[in-house]
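Morning, everyone. Please have the model open on your screens. I'll walk through it quickly.

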Amino acid sequence: MKKNIILAISGASGVAYGKRLFDFLHETGHKIHLLVSKQGEQILQEEMDLTLDYFCKDGVTFYANHNLNAKIASGLFPCSGMVIVPASMGVIGRIASGISDDLVSRAADVTLKEKGKLVLVPRETPIHQIHLQNMLTLSSAGATILPASPGFYYRPQKLGDLVDFIVARILKTLDIEHDLLKPWEPRNKEG
Ligand SMILES: Cc1cc2nc3c(=O)[nH]c(=O)nc-3n(C[C@H](O)[C@H](O)[C@H](O)COP(=O)(O)O)c2cc1C
């Protein structure tokens, strides 16, 4: 079944994760409601030479982050889930504090209050107590904290394999079928 997904790219490193999720959802016909923060836009340029034009595709609705009148700011918007990938510690802090002063934080706030699926993919290192407390607050409120820390037991051969590892986990959380990662089989079957 095709889903209605809110995808936000915030200003953390690792925008490749957001782009890969966008590409997968678009290629598989899911409806994307896209948000990119001002810093997210900067980092798309910095890390991937990408501008917002890349995301102007059929089936994609783009919202300006300052537009708090958008339909995704309402609890009545029918949505299958929201993902912030990558998620900056700034946006995590704003959501954890209930500060809904832009559309990314407002849509996340609404997703939580409506008991929807909110997936946050934080990227920062090292992290301090306030970061940890904010993530605990959000986890307690029902969000899934899915750190951008790919596993190496699949023996990744290229950068894209590491990106797919994380995107596969996001898709699983959203109950979206994919073929990005096969179920893991141990090499050493003994023990
Ligand atoms: C090149 C670059 C990389 C950054 N990477 C991170 C990061 O990985 N994690 C993070 O929390 N902040 C990172 N920042 C800082 C955020 O962009 C900054 O806190 C910003 O206010 C976040 O805005 P947003 O939450 O509205 O997107 C980075 C900034 C720059 C310029």
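Let's start at Ser10, in the loop between strand S1 (4-9) and H1. Helices (H or I, at least four residues) and strands (E, at least two) are DSSP runs, numbered from the N terminus. Two notes on the source. Residues are numbered from 1 along each chain as its sequence is written. This is a predicted model: local features need pLDDT of at least 70, side-chain atom pairs count only at pLDDT 80 or more, and totals for chains, interfaces and linings use all residues.

Is Ser10 buried or exposed? Ser10 is buried, because 31 other C-beta atoms lie within 10 Å. The cut-offs are 20 or more for buried, 12 or fewer for exposed and partly exposed in between, counting other C-beta atoms within 10 Å of the residue's own, all placed from the backbone.

Contact means that two C-beta atoms, placed from the backbone, lie within 7 Å. Beyond its neighbours within four places in sequence, Ser10 has contacts that include Ser37, Gly40, Pro86 and Val104.

**Helices**

H3 covers residues 89-96, and its buried residues are Val91, Ile92, Arg94, Ile95 and Ala96. They pack against strand S4 (81-87), helix H4 (103-113), strand S5 (118-122) and helix H5 (129-140). Gly98 follows H3 and has a positive phi, near 75 degrees.

On the other contact, Val15, Ala16 and Lys19 in H1 meet Gly40, Ile43, Leu44, Glu47 and Met48 in H2. The residues there divide into five nonpolar, one polar and two charged.

**The sheet**

Six strands form an open sheet, in the order S3-S2-S1-S4-S5-S6, with parallel pairing. Strand S3 (60-63) and strand S6 (144-145) stand at the edges with a single partner strand each, so one side of each has no neighbour in the sheet. Pairing takes at least two DSSP bridges between two strands. S2 (residues 31-36) and S3 pair over four bridges. His33 stands opposite Thr61 in S3.

Note on methods. Nonpolar A, V, L, I, M, F, W, Y, C, P; charged D, E, K, R; others polar.
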